[in-house]
Amino acid sequence: SCCETTEPDPIKTIESQMGQTVVQASMKRPLMLVFLRHAGCTFCRQTLSDLQLHRDEILGMGVDVALVHMGSPMEGTTMLSKYELDFFHRFSDPQCELYRAFGLPRGSFQQLFGVRVWLRGIAAGIFGGHGVGRMSGDGFRMPGVYLLDRGQIVSQFKAESASDRPDYLALAGVTDIENGKLSL
């Protein structure tokens, strides 16, 4: 028919620096797919710091990690190497195709600039040492985290504000290591 779209599914077409799509990367082991805000965002830097801190525990739970960012492949490499996370799959998504495919919207003024966000931003940026940098990407795009197994979402965290912090270990913990299967 005239109105059907034949748009390729970014989950099955956009490849990481390792040459795998999101679906392919989730076929052998569960995959925690972390969607970052723009590279200069204090909360993006806090996310990378959290992942650096918990990376060995998450991997030890039998879960791989992949990061989606809005910068160029080189910007992603540079950003993640600062946190020693450059060995994870990383998906460069400057057009936000994966963000849209996973239902991550652009945030409202309150979600991005509300009082709670400002207070958490001051705490993370100044007291947490995460600072603020140059914006690279859609500064209004919301973050999120999804746990996939064999191409299927089994758990997710969609931020209600730009400053929300997921519990990465709890998200990874929906796996049953002994059986190698996910349990909800």
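Trainee: Which side chain meets Asp149 in a salt bridge?

Mentor: Start with the general idea. Side chains of opposite charge can pair when their charged atoms come close. Now the case here, in a predicted model. Arg150 meets Asp149 in a salt bridge, at 2.5 Å from N to O.

Trainee: Is Asp149 buried or exposed?

Mentor: Asp149 has 11% relative accessibility, so Asp149 counts as buried, because the cut-off for buried is under 20%. Arg150 is partly exposed, with a relative accessible area of 43%.

Trainee: How many salt bridges does a search of the whole structure find?

Mentor: The search finds 4. One of them joins the side chains of Arg29 and Asp64, at 3.1 Å from N to O.

Trainee: What does the pair of Arg29 and Asp64 tie together?

Mentor: Look up where each partner lies. Arg29 is in the loop between α2 and β1 (31-35), and Asp64 is in strand β2 (residues 64-69), so the pair ties together parts that are 35 residues apart in sequence. Then check accessibility. Arg29 is partly exposed, at 32% relative accessible area. Asp64 is also partly exposed, at 24%.

Trainee: Where do Arg55 and Glu84 lie?

Mentor: Arg55 lies in helix α3 (residues 42-60). Glu84 lies in the loop between α4 (73-81) and β3 (89-92). Their side chains meet in a salt bridge, at 3.8 Å from N to O. This pair therefore ties together parts that are 29 residues apart in sequence.

Trainee: Which of these two counts as buried, and which as partly exposed?

Mentor: Arg55 counts as buried, at 15% relative accessibility. Glu84 counts as partly exposed, at 43%.

Trainee: Which residues are linked with Arg55 in a network of salt bridges?

Mentor: Asp56 and Glu84. Read Arg55, Asp56 and Glu84 as a network of salt bridges.

Trainee: On to confidence. What pLDDT does the protein average?

Mentor: The average is 78. Of the residues, 68% score at least 70. Next, go element by element. Helix α2 (residues 22-25) has the highest mean pLDDT, 96. Strand β7 (residues 181-182) has the lowest, 41.

Trainee: Where does pLDDT stay under 50?

Mentor: One stretch is residues 127-131, where the model has 13 contacts beyond four places in sequence. Another is residues 176-184, with 16 contacts in the model beyond near neighbours in sequence. Read those contacts alongside the pLDDT, which is below 50 over residues 176-184.

Technical notes: Residues are numbered from 1 along each chain as its sequence is written. This is a predicted model: local features need pLDDT of at least 70, side-chain atom pairs count only at pLDDT 80 or more; totals for chains, interfaces and linings use all residues. Side-chain values use heavy atoms; hydrogens and water are left out. pLDDT is the predictor's confidence in each residue, from 0 to 100. Helices (H or I, at least four residues) and strands (E, at least two) are DSSP runs, numbered from the N terminus. Contact means heavy atoms within 4.5 Å. Buried means under 20% relative accessible area, exposed over 50%, partly exposed in between (1.4 Å probe, protein chains only).
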